[in-house]
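The sequence and structure come first.

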Amino acid sequence: MFIRRPASAVLGHLFRRGLHGVSVECDARNTYSGRLLEHVGFDLEGQHPGFTLSINTGNWTDTLLYGLLASRWQKLAAGSQSTAEAAGLQYR
């Protein structure tokens, strides 16, 4: 996944600057985005049924809610030091 490294780099930067947590929403039909979020450490925290109106189809769709706290990110970065170093993600 080519996007995983930039996403991880952005998260590392945000947490190094003191952010406590990051929340993300995505269309439940977008499985690629959900997998990416989970792969970089986000937890699925909830779902809003019929929350977003699709401008393409005019149908209401579910929205998934993901979250990642700095404390979890720190543990993930420390646990996979080689991956973190390769992506420049060391948590300081």
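## Helix α3

In helix α3 (residues 70-79), the buried residues are A70, W73 and A77. They lie on the same side of α3 because they cover an arc of only 55 degrees around the axis, the arc being that of the directions from the helix axis to the C-beta atoms. K75, A78 and G79 are exposed on the other side of α3. Buried means under 20% relative accessible area, exposed over 50%, and partly exposed in between (1.4 Å probe, protein chains only). Helices (H or I, at least four residues) and strands (E, at least two) are DSSP runs, numbered from the N terminus.

This is a predicted model, in which local features need pLDDT of at least 70 and side-chain atom pairs count only at pLDDT 80 or more, while totals for chains, interfaces and linings use all residues. Residues are numbered from 1 along each chain as its sequence is written, and side-chain values use heavy atoms, with hydrogens and water left out.

## Helix α1

The 13 residues of α1 should span 18 Å at 1.5 Å a residue, and the end C-alpha atoms are 18 Å apart, which agrees. The expected span is 1.5 Å times one less than the number of residues in a helix.

S8, L11, G12 and F15 are the buried residues of α1. Their arc around the axis is only 100 degrees, which puts them on the same side of α1. An α-helix has 3.6 residues a turn, so residues three or four places apart point the same way. The cover over the buried residues of α1 includes β1, β3 and α3. After α1 comes G18, with a positive phi near 100 degrees.

## Aromatic pair

There is one aromatic pair in the structure. The ring centres of F15 and W73 are 6.0 Å apart and the planes are at 40 degrees, so the pair is tilted. Rings of Phe, Tyr and Trp (its six-membered ring) pair if their centres lie within 6.5 Å; planes under 30 degrees apart count as stacked, over 60 as edge-to-face and the rest as tilted.

The pair links distant parts of the chain, with F15 in helix α1 (residues 4-16) and W73 in helix α3, 58 residues apart. Both F15 and W73 are buried.

## Salt bridges

The structure holds two salt bridges, each defined as a side-chain nitrogen of Lys or Arg within 4 Å of a carboxyl oxygen of Asp or Glu. One joins R29 to D27, with the closest N and O atoms 2.6 Å apart. R29 is exposed at 51% relative accessibility, and D27 is partly exposed at 24%.

R72 and D43 also form a salt bridge (3.4 Å, N to O). This pair links distant parts of the chain: R72 is in helix α3 and D43 in strand β2 (residues 43-53), 29 residues apart. Both are partly exposed, R72 at 32% and D43 at 36%.

## Buried strand residues

T61 belongs to strand β3 (residues 60-69) and is buried at 8% relative accessibility. The side chains of T61 and D27 make a polar contact (3.2 Å), meaning a pair of N or O atoms within 3.5 Å; within protein, one must be able to donate a hydrogen and the other to accept it, and residues adjacent in sequence count only if both atoms are side-chain atoms. Apart from neighbours within four places in sequence, T61 is in contact (heavy atoms within 4.5 Å) with D27, R29, H48, G50, F51 and T52.

V22, in strand β1 (residues 21-27), is buried with a relative accessible area of 14%. Residues that V22 touches, beyond those up to four places away in sequence, include L11, F15, F42 and Y66. The C-alpha atoms of V22 and Y66 are separated by 8.3 Å, and the two residues are 44 residues apart along the chain.
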